Amino acid sequence: MFTKKSSDKKNLKFGISVIPENSKLSIEKNIELVKKSGLDHLEIAFVNGLYLSEKRAYEINYAAAVYKISLSIHAPYFINLSSPKKDIVEKSKELLLNVGRFARTMGAEGIVFHSGFYYDSPKKTYEKIKKNIEEIKKSFEDEFLSVKLSPETMGKKKEFGDLEEIISLSQEVKGIFPCIDFAHIHARTKRFNSYEEFNKIFKKLEKRLGIEYIKNMHIHISGIEYNGEGERYHLNLLDSDFKFDEWVEAINDYGIEGIVVVESPEPIPDAIRLKKLYYDKP
Ligand SMILES: [Zn+2]
């Protein structure tokens with residue numbers, strides 16, 4: 001058995017991810033819905049592009065403050081820091097910087113992004129992405145942007161970002177914190193779907209990134225459909241093979257803290273389900 005590392009106080013927020021143009025509700029109404037559902041966090045997924053005026057960003061900031069809902073942003077899927085096309089990499093860097101500026105205006109605490117694909121050997125891809133993330137981090141510092149930058153663990157084998165790569169990036173580039181997507185890790189490896197295996201991930205994260213990280217995690221979770229290539233698409237938890245009860249147990253026993261963003265097709269019932277399971281545990 002693993003010893004419980006947290007104090008008695010539970011400190012894990014649960015929220016959902018929303019793609020604004022796929023939602024019938026405005027971002028403010030989504031914030032209100034998150035609050036009314038008893039949840040804590042909204043990740044605004046600008047995955048198809050950042051099309052927002054500064055005025056709108058301030059309005060969202062205000063709504064989040066009124067409802068006491070924390071925010072994060074998912075950066076556009078366009079971002080690709082390993083592309084052989086130089087202009088795509090440059091545009092990606094500019095776009096991430098712009099997302100950073102909007103995140104600050106909106107009061108969002110972090111940005112999640114997909115790093116790129118393997119156009120080259122994993123090692124060369126890693127070095128290229130690392131160099132580009134270092135440059136982005138520098139541009140954030142030049143503008144005093146303290147928004148957290150989080151490369152995500154990816155679900156398809158052709159995508160850069162297995163657990164090891166994302167941890168190494170976060171170890172090597174100061175100020176980078178991983179977004180750990182448990183559905184993606186499961187889809188990519190066909191493993192990591194049990195209490196013991198979830199614990200292995202937490203232990204690895206603690207060993208490599210320190211207690212500060214596991215007390216301030218950014219997590220994605222959902223059910224997932226996968227094949228030999230990894231992720232196919234997200235599912236609701238009950239329609240998937242993901243052992244979310246064991247996952248909640250492991251999270252609770254290890255004393256993980258931070259934010260859990262549910263990315264199921266119907267995220268609210270799943271987020272409520274996970275939060276309830278978590279708070280029902282002693
Ligand atoms: Zn993502």
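This is a predicted model: local features need pLDDT of at least 70, side-chain atom pairs count only at pLDDT 80 or more; totals for chains, interfaces and linings use all residues.

Two packed helices are described by the angle between their axes and the distance between the axes. For H2 and H3, the axes come within 7 Å and cross at roughly 45°, and the two helices are therefore oblique to each other.

One residue of this contact can be followed more closely. Thr 105 lies in helix H3, and it counts as buried because its relative accessible area is 13%, where buried means under 20%. When its neighbours within four places in sequence are left aside, Thr 105 is in contact with Glu 54, Ala 57, Tyr 58 and Asn 61.

Helix H3 itself covers residues 86–106, and its 21 residues should span 30 Å at 1.5 Å a residue, which agrees with the 30 Å that separates its end C-alpha atoms. The buried residues of H3 are Val 89, Ser 92, Lys 93, Leu 95, Leu 96, Leu 97, Val 99, Gly 100, Phe 102, Ala 103, Thr 105 and Met 106. What covers these buried residues includes helix H2 (54–67) and helix H4 (122–142), together with strands S2 (41–45), S3 (70–74), S4 (110–113) and S5 (148–151). After H3 comes Gly 107, which has a positive phi, near 75°.

Helix H4, one of the elements that cover H3, packs with H3 at an angle of about 35°, and the axes of the two helices are 10 Å apart. The crossing of H3 and H4 is right-handed. On the H3 side the contact is made by Val 89, Lys 93, Leu 96, Leu 97 and Gly 100, and on the H4 side by Asn 132, Glu 135, Ile 136, Ser 139 and Phe 140. The residues of this contact of H3 with H4 are 5 nonpolar, 3 polar and 2 charged.

The crossing of H9 and H10 is right-handed. Phe 244, Asp 245, Trp 247, Val 248, Ile 251 and Asn 252 of H9 make the contact with Arg 273, Leu 274, Leu 277 and Tyr 278 of H10, and the residues involved divide into 7 nonpolar, 1 polar and 2 charged. Helix H9 is mostly covered, since 8 of its 11 residues are buried; among them are Phe 244, Trp 247, Val 248, Ile 251 and Asn 252. Just after H9, Gly 255 takes a positive phi of about 75°.

The last stop is the loop between strand S10 (258–262) and H10, where Ser 264 is found. Is Ser 264 buried or exposed? With a relative accessible area of 5%, Ser 264 is buried. Not counting residues up to four places away in sequence, Ser 264 touches Ile 221, Ser 222, Gly 223, Leu 235, Asn 236, Leu 237 and Asp 270. Ser 70 is 194 residues away from Ser 264 along the chain, and the C-alpha atoms of these two residues are separated by 19 Å.

Conventions: Residues are numbered from 1 along each chain as its sequence is written. Side-chain values use heavy atoms; hydrogens and water are left out. A crossing is left-handed if the near helix is turned anticlockwise from the far one by less than a right angle, and right-handed if clockwise. Helices (H or I, at least four residues) and strands (E, at least two) are DSSP runs, numbered from the N terminus. Contact means heavy atoms within 4.5 Å. Ala, Val, Leu, Ile, Met, Phe, Trp, Tyr, Cys and Pro count as nonpolar, Asp, Glu, Lys and Arg as charged, and the others, Gly among them, as polar. The expected span of a helix is 1.5 Å times one less than its number of residues. Buried means under 20% relative accessible area, exposed over 50%, partly exposed in between (1.4 Å probe, protein chains only). Axes are lines fitted to C-alpha atoms, for helices over the stretch in contact, and angles run from 0 to 180 degrees between N-to-C directions. Angles under 35 degrees count as roughly parallel, over 145 as roughly antiparallel, 65 to 115 as roughly perpendicular and the rest as oblique.
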